[in-house]
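The sequence and the structure are shown first.

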Amino acid sequence: MGLVVQKYGGSSVADAEGIKRVAKRIVEAKKNGHQVVVVVSAMGDTTDELIDLAEQVSPMPTGREFDMLLTAGERISMALLAMAIKNLGHKAQSFTGSQAGVITDSVHNKARIIDVTPGRIRTALDEGNIAIVAGFQGVSQDKKDITTLGRGGSDTTAVALAAALDAEVCEIYTDVDGVFTADPRVVKKAKKIDWISFEDMLELAASGSKVLLHRCVEYARRYNIPIHVRSSFSGLQGTWVSNEPRGDQQVEHAIISGVAHDVSEAKITVVGVPDKPGEAAAIFRTIANAEINIDMVVQNVSAASTGLTDISFTLPKAEGRKAIDALERAKATIGFESLRYDDQIAKISLVGAGMKTNPGVTAGFFEALSDAGVNIELISTSEIRISVVTRADDVNEAVRAVHTAFGLDSDSDEAVVYGGTGR
């Protein structure tokens with residue numbers, strides 16, 4: 001038996017009973033002959049509670065101290081889990097991200113992993129221990145400061161450790177039974193997917209699917225680490241994410257893999273931009289210099305009478321204020337007339353590698369939205385994805401309409417959500 005990396009989200013270790021249940025599952029894997037490394041998130045809503053506490057003390061906490069605070073949540077859960085495993089008669093050692101050798105850049109609150117040097121983890125495994133690692137955190141390469149990886153960073157920690165340790169699989173345990181054709185909280189008849197390619201999973205994750213973080217899937221694809229998404233609340237097989245189906249997975253690649261939605265974005269429209277070379281570049285260089293990622297971009301046709309155009313783009317709501325401030329400071333240089341900000345939008349995406357060779361998918365997508373009375377504001381496409389922006393109030397109805405239109409509904413309500421938020 002080989003080495004297995006398991007990751008447990010906050011809903012799986014939300015309380016003492018949850019921690020003891022997870023400990024039993026870990027010990028079972030150890031009894032089956034595996035070496036086991038576990039990455040664990042903070043308990044339940046601990047991270048959100050720490051963020052609220054920080055905001056009460058300081059409206060703008062410094063990045064370094066904010067990271068120092070937030071990493072406390074994972075340290076609590078890793079130590080408690082190690083205690084629970086020892087209580088079951090097995091050896092366990094807990095490690096912070098720094099102790100586990102997770103080396104990052106110096107960007108606080110959203111650091112990126114540069115390297116993993118798991119020497120202490122290997123030693124612990126060689127001594128017969130189960131290694132418990134705090135997810136979501138690392139140490140900066142230059143200043144040796146504690147850093148955090150941003151929302152969902154424990155997924156990335158788990159895959160990075162799996163790659164560094166040459167694990168046979170990275171198991172991501174959550175509160176649903178796998179990856180579904182849509183969010184089971186919105187579509188009760190969503191189907192569980194037995195196998196999905198890295199390519200399709202990357203698009204679903206980037207489009208708002210909450211089960212796996214985009215960076216985690218990207219890392220797994222780069223190092224060819226199979227991911228098994230499953231529930232910590234049941235013993236069912238979950239969803240395998242890999243380059244190719246495994247030997248026991250005879251899976252026909254579906255035309256459509258699923259429907260994803262995202263309500264965490266906002267839209268900025270730059271009004272009255274001179275329609276000449278370099279203007280769009282100046283706008284997006286301003287946004288890039290503010291270290292803000294953008295998603296969809298649309299430029300309207302220039303008005304012949306004025307020679308001006310509008311440029312709209314979407315970005316995370318959390319970055320909205322920063323983007324507006326950055327553009328306002330550059331207004332005189334760029335020469336636009338005004339800015340419009342809208343945070344009552346949602347993105348809906350249809351994903352599937354099969355749509356490359358199946359005409360009519362785009363037409364069917366827009367017909368489904370039209371039949372549901374949903375108006376479209378922005379459109380973006382790739383070879384295996386179509387995304388649109390709609391009003392936030394319309395998103396649930398739109399997701400269900402598209403899901404049904406493409407025959408993704410299950411014959412029964414098979415999607416079970418055991419608790420928590422799906423992470």
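The text below takes these topics in turn.

The model is predicted.

**Cavity**

There is 1 cavity of 30 Å³ or more in the structure. The largest cavity holds about 190 Å³ of space. Its lining is made up of 18 residues, and those nearest its centre are Ala182, Asp183, Ser209, Lys210 and Val211. Strand E13 (residues 258-262) supplies the largest share of that lining, 3 residues. Sorted by class, 9 of the lining residues are nonpolar, 6 are polar and 3 are charged.

Asp183, one of the residues nearest the cavity centre, also forms a salt bridge with Arg185. Asp183 counts as buried, while Arg185 counts as partly exposed.

**Helix H7 and the cysteines**

Helix H7 spans residues 214-223, and its buried residues are Arg215, Cys216, Val217, Tyr219 and Ala220. Just after H7, Asn224 has a positive phi of about 55 degrees.

Cys170 is in no disulfide, and the nearest cysteine sulfur, that of Cys216, lies 6.4 Å away. Cys216 is likewise in no disulfide, with the sulfur of Cys170 as the nearest cysteine sulfur. A disulfide would need the two sulfur atoms within 2.5 Å. Cys170 is buried, at a relative accessible area of 0%, and Cys216 is buried at 0% relative accessibility.

**Salt bridges**

The count of salt bridges comes to 17. The table gives three of them.

| Salt bridge | N to O distance | Relative accessibility |
|---|---|---|
| Arg230 and Glu171 | 3.6 Å | Arg230 10%, Glu171 11% |
| Asp183 and Arg185 | 3.4 Å | Asp183 18%, Arg185 31% |
| Asp342 and Arg391 | 2.3 Å | Asp342 19%, Arg391 29% |

Arg230 and Glu171 meet in a salt bridge. Arg230 is in strand E11 and Glu171 in strand E9 (residues 169-174), so this pair ties together parts 59 residues apart in sequence. Arg230 counts as buried, and so does Glu171.

Asp342 and Arg391 meet in another salt bridge. This pair links distant parts of the chain, with Asp342 in strand E17 (residues 338-342) and Arg391 in strand E20 (residues 385-391), 49 residues apart. Asp342 is buried, whereas Arg391 is partly exposed. Salt bridges with shared partners join Asp342 and Arg391 with Lys267 and Glu377 in one network.

How values were computed: Residues numbered from 1 in each chain as written. Predicted model: local features only at pLDDT ≥ 70, side-chain atom pairs only at ≥ 80, totals over all residues. Heavy atoms only, no water. 1 Å grid on protein atoms, 1.4 Å probe; cavity = no way out; pocket = protein on both sides within 12 Å on 5 of 7 lines; lining within 4 Å. Points joined across faces, edges and corners; volume = space filled by probe spheres on them. Helix = DSSP H or I, 4+ residues; strand = E, 2+ residues; numbered from the N terminus. Nonpolar A, V, L, I, M, F, W, Y, C, P; charged D, E, K, R; others polar. Buried < 20%, exposed > 50% of the residue type's maximum accessible area, 1.4 Å probe, protein only. Salt bridge = Lys/Arg side-chain N within 4 Å of Asp/Glu carboxyl O.
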